[in-house]
Amino acid sequence: MTVLIKNANEVITLNNGVAGPRTKEQMRDIAIVENGSVLLDGDRIVAVGSLSQLEAEYAELIAQAQVIDATGKIVMPGLVDCHTHLVHGGTREQEFNMRLNGSTYMEIMNAGGGIHATTKRTRETSFEELYDKTRKHLDMFLKHGVTTVEAKSGYGLDWEAEKKQLEVAKKLQATHAVDVVSTFMGAHAVPRDYKGREDEFVDIVIHEMLPQVAELGLAEFNDVFCEHGVFTPEQSRRILEAGKALGLTPKIHADEIEPYEGAELAAEVGAISAEHLLVASDEGIRKMAEAGTIAVLLPGTAFFLRAPFARGRLMVDEGVPVAISTDFNPGSSPTISLPFIMNLACMNMGMTLEEVLTATTINAAYAINRGEQIGSLEAGKQADVIVLDVANYKQLQYFYGMNHTNTVIKNGQVVVQDGVLLQH
């Protein structure tokens, strides 16, 4: 199938000539083509330029193309949500009410809520129920312009339930339009029956779970929650190094609630990303910049927990490549609206309009090792493109709390048209 998207007010290409994740001022260079058009053929991008340029060079292709008139709109790469806990059972709205009445995240977790509550529900929920629920959430992501999602396990905390989550994600990768990239996170919490025997559970993750994840090809990344009361930096290091030895790329939930040298550990073990970082130290930020570790910031979590926001402005200025994600999960960020998360990053982390576009496209793609395939509009890359019903990119955050997605093209196929999800 050939598709021509023509006459957009702006085409935000993110193709600024920089190889790899963008840092510092590179994050502001979003490479706009005014009055631009984009030509797609099959599942690839053919060219970006003015309509007259494309017609002169690709007349034969254009003659058979489905035409999408983007007059008065903007065009950009599909959004990449690089940190979610996509597959889970149940909801936790009662905890939201508890927090509004003064309970802290760790107090709720220690009382049997938090991750443990979702673990119980996930274990009890069948594969088919988890699949159907998650598919509906992916449909919602797609309607908000998200074409690739990372999905962490971690609500099983035993092998059978962890495997079930990963297999749901794997089936959705095969059956849903959205690309689903899997991360194993068996070390999301210490099960209640291992309290006081945390090292025993670490050994189970390392010697029993991780080898099966690798053997079955169920995940590409290995994540751990390095936090006081969860896993220590040394325990986290053991888990991440064990995963590396099996070919799983390390990620880390770091410095979310208390400073715990998680950012420093991410840099030391060569993690592709460190995530959350609400209270990361100056030294940790410096080490991440030196190592090129991507900071995946999750302003929706800070917003929902009424916690301090990560120092996004400082991280960008210090040279850390920054990505932004929803952290979609049932306890601390129950939202699939990446556009709203982008607004929070502008309003509460001091990031610019251009930086949040970079952070949710090309840098987010590199945070899940997909930067060579997606995240920018370049010839040869995967044809993941969205058309947004605003006159220019500055209006995306000016008109906040709204979904501006008009059309979504995934792998060259139109899957959302005029805001309506098509059969896929």
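Which residues does the UniProt annotation "binding site" (unreviewed entry) cover together with H83?

1. The structure under review is a predicted model. In the unreviewed UniProt entry, one "binding site" annotation covers H83, H85, H253 and D327. These residues span 245 residues in sequence, yet no two of their C-alpha atoms lie more than 12.2 Å apart, so they gather at one spot.

2. From this set, H85, H253 and D327 belong to the lining of the second largest cavity. As for H83, its place is in the loop between β6 (79-81) and α3 (93-100).

3. The unreviewed UniProt entry also carries a "binding site" annotation that covers R92, Y155, H188, E256 and S332. The lining of the second largest cavity includes R92, Y155, H188, E256 and S332. H188 is placed in the loop that runs between β8 (179-187) and α8 (198-216).

4. A separate point concerns helix packing. Helix α9 (residues 233-245) packs with helix α10 (residues 262-269) at an angle of about 25°, and their axes are 11 Å apart. Because angles under 35 degrees count as roughly parallel, α9 is roughly parallel to α10. The crossing of these two helices, α9 and α10, is right-handed.

5. On the α9 side of this contact stand P233, S236, R237, L240, E241 and K244, which meet L265, E268 and V269 in α10. By residue class, the contact of α9 with α10 comprises four nonpolar, one polar and four charged residues.

Key: Residues are numbered from 1 along each chain as its sequence is written. This is a predicted model: local features need pLDDT of at least 70, side-chain atom pairs count only at pLDDT 80 or more; totals for chains, interfaces and linings use all residues. Side-chain values use heavy atoms; hydrogens and water are left out. Axes are lines fitted to C-alpha atoms, for helices over the stretch in contact, and angles run from 0 to 180 degrees between N-to-C directions. Helices (H or I, at least four residues) and strands (E, at least two) are DSSP runs, numbered from the N terminus. Angles under 35 degrees count as roughly parallel, over 145 as roughly antiparallel, 65 to 115 as roughly perpendicular and the rest as oblique. A crossing is left-handed if the near helix is turned anticlockwise from the far one by less than a right angle, and right-handed if clockwise. Contact means heavy atoms within 4.5 Å. Ala, Val, Leu, Ile, Met, Phe, Trp, Tyr, Cys and Pro count as nonpolar, Asp, Glu, Lys and Arg as charged, and the others, Gly among them, as polar. UniProt positions are given in the numbering used here, feature names are shortened, and annotations may be inferred rather than shown by experiment. On a 1 Å grid over the protein atoms alone, a cavity is a set of points where a 1.4 Å probe fits but cannot get out, and a pocket is an open set with protein on both sides within 12 Å along at least five of seven lines; lining residues have an atom within 4 Å of a point.
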